[in-house]
Every structure is written in C-alpha cells, then in structure tokens.
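Please keep the sequence and the structure in view while reading.

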Amino acid sequence: MIMSNGQEHAFAVFSKLTSLYIQFNDFASSVSVLKAMDEPQTFLWNSVIKAHVNSGLIESAFLVFKLMRQMGVSCDGYTFPIVSKLAVQMGFELAEMIHCTAVKMGFECNVYFCNAAIDAYVKSGCLGDALKLFDEMPSRDLVSWTSVISGYVHEGNTREAVQLFNEMRNEVGPNEVTLIVMLQTCSSVDEGRQFHGYSIKCGSSMDRSLRNSIMQMYADFSSADEAEILFRETDKKDAVSWNIMIYRHSSKRDATRIVDCFNNMRKEVEASVETYTLLITGLGECGDHSQCRQIHCLALKSGSLDDILISTFLNSYAKCGDFESSTKFFKQVSCKSYTTCDDAMIETMRSLVVGYTNVGALRLGKSIHGYFIRNSLSTPNESARLLETSILNMYVKCGDISSGRICFDRMPVKDLVSWSSMIEGYSTHGLGHEALQIFHQMKTEGIKPNGVTFLSLLSACSHSGLLQEGCETLISMKRVFGIEPDLDHYTSIVDLLGRYGKVKEALSIVLKFVASPDSRIWGALLGASRIHEDRKVGEFSARKILEMESDNAGYYTLISNVQAIGERWSEVEETRDCVKEMNVIKNPGWSFLEVKGVVHGFVSGDRSHHQMRDLCNLIWCLSRNSLDF
C-alpha cells in the first residue's frame, strides 16, 4: 500500500519500516528497505548493523557493512564503533582492517571510535596494538584509560595495570567501572582493603555494583567478617548481593546458613537463576539431598530452569548419591540436539562419572562412556581428556582393569595424569610388573613423571612385593629425575619393607630420612610388626602413634592385635578398657555393590536389607561348596 501511494522515498516511512522489521527480527526485509532508498541514510544503516550485532548475527552484520560500503553510503562517528564490536568475534585481522578504513576516512581523532577500537584490540588479545593506538590518541577520556587497564588485568599483568592507573589519576579521576577493574589486581585482602578505602575517599562506595565487587573480593579472600559487615551496611541489597553471601556460605559448606540466607533473600528480592545455581552447587557439596529437592521444587515453580541449572542439579544429585534423579536430568540434557559434546556437556558427564565411581556403579558409568563415544569430537580438547581420564579411573576403581587398559590405549592424547592414573590402577590391583611396564613406556614417550607418579609406582611395588624394584624406583626418583621424596613416598617404602619382613630396615628409614613422621608411617610399621611378630618395634611404633592420635580407635584395635599375637592378654584387656573409658568409637566397615543399575549398601552387623535372608542363604551355600573343595 505504501509503495502504491508513491511514498517509498519518504525518509520517515523508510525509518518506520526499518524499525518495524528490526523489532520482529526480520533482518532480511530491513536490508531490502535500505537497498530501495534513493537517498541512503547512514543512521538507518547503523541501526540495521547494530541490530544484527545485538542478535549475534556477526557474519551477517559484516556483510551489511560491506554492502553499505559498496553502495557508497558514508560512515559517521557511530558506524565504526558499532562495526568494531564485530572484531571481538571475528578476530584481529578484522579489527585491523576496520581501524585502517576509519583512519583513511578521517576518524583517527574521534575519541568514541578510538575507544571502541581499543576495546576490540584488547578483547581480541592484541594489547600491543591497543597500547599503540592509546599512545597516538591526541585526547583521551576515562573510557580510554579504563579499557587499557582492563587489557593489562586480563593478561594478568597487574604491575603495569597499577602503574597505568596511577598515571591516569594525574589526568582524570576513576569511576566505579575503573575501580571494579582495579579490584581484580588485588593479590591479598590487604590490597583489597586499600582499594576499598580509596573508593570511599572517591565517593564511589555507595555504587551498588562496586559494593558488590568489594564484597565478592572479601568473600574470595575468605574474609568472612568484612564481607558480612559490608553486606549488612548495604541498604538496598539486590540479587547479586545475596548471591555473594550464598557463595560465601557455600565455600564453607555450611548448609544451614546457605538455606537461611536464601530464605531471608526471598523476603526482599526475587531469586534469579544464578541464585538457584549457587544454592544447588553449595548444597550438593554439603551432600544435603533433602534441601536440594526443596530448592528443585522452588526452581520449577519460578520457571528458572536453564541448561546450566539443569546441569548443576545433575551434578549435585550425583554428589548426594541420588543417581536416579541425576540420570533423569542427564537424559533430559542429552535428548537435546547436540551434534557434539561441548565443554559444558563434557563437564556434566564427568561429574556423573566421578559420582558413579565413588559408589561403584560401573553399569551406569558405562552408559555415560557409551554416550561420550557416540557424540565425542574427533579432535579432543582439554575437557575431553579430563573426562577420558575420569572414565579410566572409573573402570580401574570399579574392578574392571582390562576395560581400563583398553580405554587408556584408545586415548588419542595421553598426558601425565593419564599415565599416572593407569599406573595407579595397576597398583590398586596388585599388578606391579604391569605398572613398571607402563612407567617405562611413559618414559619412552618423553613424559616426565612427577611425585604422584612415583607414589603410585612405589605403591604398586609394595602391593606386589617387588622389593628391589621399589628401592630402585626411590633412588632414581631423586638421582635421575631430581624429585625429593616426601612423607608419602617414605610411607610406601616402609610399607614395602614391612611386607617383605625387613621391619628393622623400615624403622631405620623412618629414623634417618623422615624429618616429621606422622601416624600413617608409624601405622605401616606397626602393621608390619604385627605380621612378623616384632614386639620391640611394634611397641615403639604404638607409643609414637598414641602420642599423635590418641583418639583413633583403629590404631587401638591394631595395638591390641599386636599384643594378642604375643599372648599378652592382660595388656589386651588394658587397651580395650582404655578404649571404653575414652569412649572412642570405631566406625563400622561397610561395602556396596551394583546390580542392574541399583547400588546396594551393606554395613557391618546390619541386617536391614530387604533381601538379607536370601543373601545369608547364598553365602551359606557358597561357604559349604568351598569346604567341599
């Protein structure tokens, strides 16, 4: 109708048409309107390009800019700042090209454009080019200084950031944004306090964003009291303020205070999706399953579920041992149209694998492994390698060492953690020769071992009784690789010597090489003394242990066993009486196994399992059959 009435060349009509198409995200039609104009208007071209950028259509925005240039439409002081945002997504080459084009058109002295170009260079990782442009600017405003300071902070160069901040103060005073950037340079709570005091002197302490940033700084440095004081002094608290306090309580794993803080928050402001994410993360770390369920219901009622929160629920339920709920969430996430496993999805799978490993749910873990194989990237990244290592650990710790080795062999890129995990796996299964073989293969591949690798290797030698190989490993650790053995390494070698019957040699190692022996190394020596009936070393080790951990019931049990072997029954009775008087309680042993995706737990002396009668009958039959053989 507009075209038929002959009003197609009226600027007002074209302007309204363009705005209408942008409002309904019909960008193709908005560009068609621009093409139809006899007298192009830079303002409308800028609006269309900006709409593309705001909608994330980066390549389309660049094509509209190219079309604008081809049609001879002139650029103004707002065109290049808008187009500079494309460089952040498309890389340094585009930022340089836009900069050169703007300079040729006479915008090199335009502060607004120069600030946008500096921001583009900084976000593209080209701080040197940003500095060059900053130095060439005839006049600079606060945004110019803050952008370059932000670049230094982003690169971790806090020294240059502080120096440039001090230079800036000679020309222009900082604002809240500058101070928020500078807070990131603080390496200690004392430096944070100085900036807090400076912000008060500048009169910026009442700004809500800055107060929240200062509060976050105190929370990050575990300065709980100061964060709490600043929070209470804040008159109008927003969701960010409350989220910071929830984060602080979560870092301390204080489930009660997490929930109390959330309940108080709901009286003042509406919880955001970030609030629910922090809540579920904290409660998951605390293992508070019931509270997780309640927060889950609230999140559903508020409609605050996004992909990140769903993944957080999945992780938290897995940490609480609720694998039924976590598996439901995983199916909900995996049903979406993922063509590959992105980092968020991989991290979700890794959390599940770790949770399944902790309770021995091998079958459930295998399902995650299968999903990863079907959807994994051809070129693995760091997240994928971490997941592969977690899957390897799952097979090893759940008793399937052969599948663990297959998983290890199929890993396209093996890092030090992968090699060390495979060595630890063979160690756990008592396969010392295989662990040594993997270690030699690792050295052939040019991977340098660390202290964790040697600890796993020494443990493998100990469990397999490889005395000579274990001693050679400890010697090579220092002489060949320059790694100083620590207490854990000496504990392993003491355990190895003790298993081999060389109790006195093990005691000599403790006395000569260990500066501060702990109860674990004395416990290993006490255990060896019990097995090989070395009364003197056993009594000496027992005295050392009781000096360090007089409330550990497990050590009292071990000491009484040593005394019983020597038939010193009066001493056994005294030890047991001592345990009763001190009211020391030994936690009962427990085990679990997975059957058809369901984890069954058993505690020593507990007969509450619903199939206990059938289990007892089965054990009786197995025992009877074993006696027949």
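Which residue with a positive phi follows helix 25? In this predicted model, the residue is Gly430, and its phi is near 70°. Helix 25 itself covers residues 416-428, which makes 13 residues. From its first C-alpha to its last, helix 25 reaches 18 Å, close to the 18 Å expected at 1.5 Å a residue.

Leu466 is placed in the loop between helix 27 (451-464) and helix 28 (467-479). Is Leu466 buried or exposed? Its relative accessibility is 8%, and because buried means under 20%, Leu466 counts as buried. When its neighbours within four places in sequence are set aside, Leu466 is in contact with Gly432, His433, Leu436, Cys461 and Leu496.

Thr312 belongs to helix 19 (residues 307-319), and its relative accessible area of 10% makes it buried. Apart from neighbours within four places in sequence, Thr312 is in contact with Thr277, Ile280 and Thr281.

The packing of helices against each other comes next. Two packed helices are described by the angle between their axes and the distance between the axes. For helix 7 (residues 111-123) and helix 9 (residues 142-154), the axes come within 9 Å and cross at roughly 5°. Helix 7 is therefore roughly parallel to helix 9. On the side of helix 7, the contact is made by Val111, Asn115, Ile118 and Val122; helix 9 contributes Val143, Ser144, Ser147, Val148 and Gly151. Sorted by class, this contact has 5 nonpolar residues, 4 polar residues and no charged residues.

Helix 15 and helix 16 (residues 255-266) give another case, with axes 9 Å apart and an angle of about 170°. That angle makes helix 15 roughly antiparallel to helix 16. From helix 15, the residues Ala239, Trp242, Asn243, Met245, Ile246, Arg248, His249 and Ser250 take part. They meet Arg257, Ile258, Cys261, Phe262, Asn264 and Met265 of helix 16. By class, this contact has 8 nonpolar, 4 polar and 2 charged residues.

Side chains of opposite charge can pair when their charged atoms come close. How many salt bridges does a search of the whole structure find? The search finds 13. In one of them, the side chains of Arg248 and Glu228 meet at 2.6 Å, N to O.

Because Arg520 lies in helix 31 (residues 519-532) and Asp488 in helix 29 (residues 487-499), the pair ties together parts 32 residues apart in sequence. Here Arg520 is partly exposed, with a relative accessible area of 41%, and Asp488 also counts as partly exposed, at 26% relative accessibility.

The account ends with the salt bridge between the side chains of Lys504 and Asp534, at 3.3 Å, N to O. This pair links distant parts of the chain, 30 residues apart: Lys504 is in helix 30 (residues 503-513), and Asp534 is in the loop between helix 31 and helix 32 (535-548). At 57% relative accessibility, Lys504 counts as exposed, whereas Asp534, at 14%, counts as buried.

Note on methods:
Residues numbered from 1 in each chain as written. Predicted model: local features only at pLDDT ≥ 70, side-chain atom pairs only at ≥ 80, totals over all residues. Heavy atoms only, no water. Salt bridge = Lys/Arg side-chain N within 4 Å of Asp/Glu carboxyl O. Helix = DSSP H or I, 4+ residues; strand = E, 2+ residues; numbered from the N terminus. Buried < 20%, exposed > 50% of the residue type's maximum accessible area, 1.4 Å probe, protein only. Contact = heavy atoms within 4.5 Å. Axes fitted to C-alpha atoms, helices over the stretch in contact; angles between N-to-C directions. Parallel < 35°, antiparallel > 145°, perpendicular 65-115°, else oblique. Nonpolar A, V, L, I, M, F, W, Y, C, P; charged D, E, K, R; others polar. Expected span 1.5 Å × (residues − 1).
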